[in-house]
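Trainee: Could we go through this structure together, one question at a time?
Mentor: Gladly, let's have a look.

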Amino acid sequence: MRALKKEISLRQLFALGFGSIIGVGWITVLGAWLAGAGALGAMLAFAIGSIIVIMIALCYAEMATRFPVSGGEIVYLHEVFGLRLSFIAGWLLILGYVSVVVFEAISVGWILGALFPGIEGPELYSVAGTPVTLGGLSAGLLGMAGIAWVNIRGAKSAARLQEFMSFLLIGVTAVFCLAAFTRGELGNLQPHFVPDSDGLYWPGVAAILVIVPFFFSGFDVIPQAMGEKSEDAPMHGVPLVLALSIIAAGLFYIGVIAAAAMAMPRAALLQEELPVATAITQALGSSMGGKLVLFAGLLGLVTGWNTFTYGAARLLFALGRARIVFSPFGELHPRYRTPSRALIAISIVGAIGCFFGRGALLPIIDAGSLAFVLAYLAVCVAAFRVGGTPREQGFVYRMAGGQHMRTVAVVLTSTLALYAFYLPYEGSGGGMPVEWSMLTIWLWAGSILYLIGRKDRQALSRSERSELLLSDR
């Protein structure tokens, strides 16, 4: 069995984290954020969410430096809690990653259609009242194939693409935010908060806060890449890279919300299909402004799509390598030494998701958020459990504040998980939410896969499985 190549630098780890966090959601659903919570309410939700996610990420940093191998959560939870919880958390996280892959694959046709009107082509059918067009579907399927090809050729190829796209995205976004801040109006930020039917402001902020894990998901790709981190990249830089990727993404989201809200009056802004693009067009007084925003969104889409395909494949690879599920998923490409079978499997699932179209985006966000926050909670609990153990050889990061801060991370993540589970039920009017159905179907599929791998699984003892998971091979 060959080893994964160790060739990713700290700068590329940052690009993997930041680029995967940003994605394209800030363009496609920003109008919903402003409508539900108001400009300051949305910014407050992302500011609070940034703090919570940083605490979660520091728990990850403790586990990633303790177990610096590919597989992330699967490895951590296997070593702390054993086989079953490791599989459940890993399978949930794959759902979260796949939900982002599908989100990006569906959104690419939307963004390209706005950049090049007419490219959408004829309508094929509709989902939830939203048309699925030939052009949009083709763009998603072709993009999925291209992303798979880049990742199969090697982590270095994927990381280089991510690094270029991420830093270009930062530069482009800085340009249009500066234009909006200098030409926009502070008065357009009103109403700062949006009340619900009972006159309360906090539900709108809370509704955005519970989907923050979806829009900050991606920082955990950094631990997934630990098995391919260059030996020249110091281990003590990993916690800093994790924190910086989240801080940079938080500032990005808050800046974009403020820029779009200031650029034009709220009533007119919320009537637009892609309000950020329209707002910047207004701020610059030129249609090129909107094109610039859409181009930035396309960059974010490619970075998120690339990274989550990478991360999902590494999770499935870890499950296969440890013979927890179908063992061929744990095999490497004979030439490129990448988990090609796992990448192909993830790409097929992503391609299937393309057929659901834009009508499925909001349920995908909610289901993905729930899957992410449950997996994050498991890692925070694992960090709490091992937090009091003696230091091991080599560098192992310890969170400032020790067990007190780990406890706060567990409590905050538990609260997010409970509300993320309840919110779809509240919106369904008491029926079975689509998000619960999606989660149920995914868990049933995982149960079947788990049963198929039973024979391979029983052939290994826990110590033998740990050796496979902790190996860099």
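**Strands, helices and salt bridges**

Mentor: Keep in mind that this is a predicted model. To begin, strand E1 (residues 123-127) and strand E2 (residues 130-133) pair in the antiparallel sense, over four bridges.

Trainee: Which residue is the bridge partner of Ser126 in E2?
Mentor: E1 covers residues 123-127 and E2 covers residues 130-133, and Ser126 has its partner in E2. That bridge partner is Pro131.

Trainee: Which residue in the hairpin of E1 and E2 takes a positive phi?
Mentor: The hairpin has two residues between the strands. The one with a positive phi, near 55 degrees, is Ala128.

Trainee: Why are the buried residues of H3 on the same side of the helix?
Mentor: In helix H3 (residues 30-37), the buried residues are Leu30, Gly31, Trp33, Leu34 and Ala37. They share one side of H3 because, around the axis, they cover an arc of only 165 degrees.

Trainee: How many salt bridges does the structure hold?
Mentor: One of them joins Glu62 and Arg406, whose closest N and O atoms are 2.7 Å apart. In another, the side chains of Arg341 and Glu331 meet at 3.3 Å, N to O. The number of salt bridges is two.

Trainee: How many residues apart in sequence are the parts tied together by Glu62 and Arg406?
Mentor: Glu62 is buried, with a relative accessible area of 4%, and Arg406 is buried at 2%. Glu62 lies in helix H4 and Arg406 in helix H18 (residues 402-427), so the pair ties together parts that are apart in sequence by 344 residues.

Trainee: Is Arg341 buried or partly exposed?
Mentor: The cut-off for buried is under 20% relative accessible area, and over 50% is exposed. Arg341 has 44% relative accessibility, so Arg341 counts as partly exposed.

Trainee: Which residues make the nonpolar surface patch of about 330 Å²?
Mentor: One of its members, Ile48, is found in helix H4 (residues 39-66). At 32% relative accessibility, Ile48 counts as partly exposed. The patch is made by Leu44, Ile48, Phe193 and Tyr201.

Methods:
Residues numbered from 1 in each chain as written. Predicted model: local features only at pLDDT ≥ 70, side-chain atom pairs only at ≥ 80, totals over all residues. Heavy atoms only, no water. Buried < 20%, exposed > 50% of the residue type's maximum accessible area, 1.4 Å probe, protein only. Arc of directions from axis to C-beta. Patch = residues over 30% accessible without salt bridge, like charges linked within 9 Å, V, L, I, M, F, W, Y side chains within 5 Å. Areas by Shrake-Rupley, 256 points an atom, 1.4 Å probe, with all protein chains shown as cover. Salt bridge = Lys/Arg side-chain N within 4 Å of Asp/Glu carboxyl O. Pairing = 2+ DSSP bridges.
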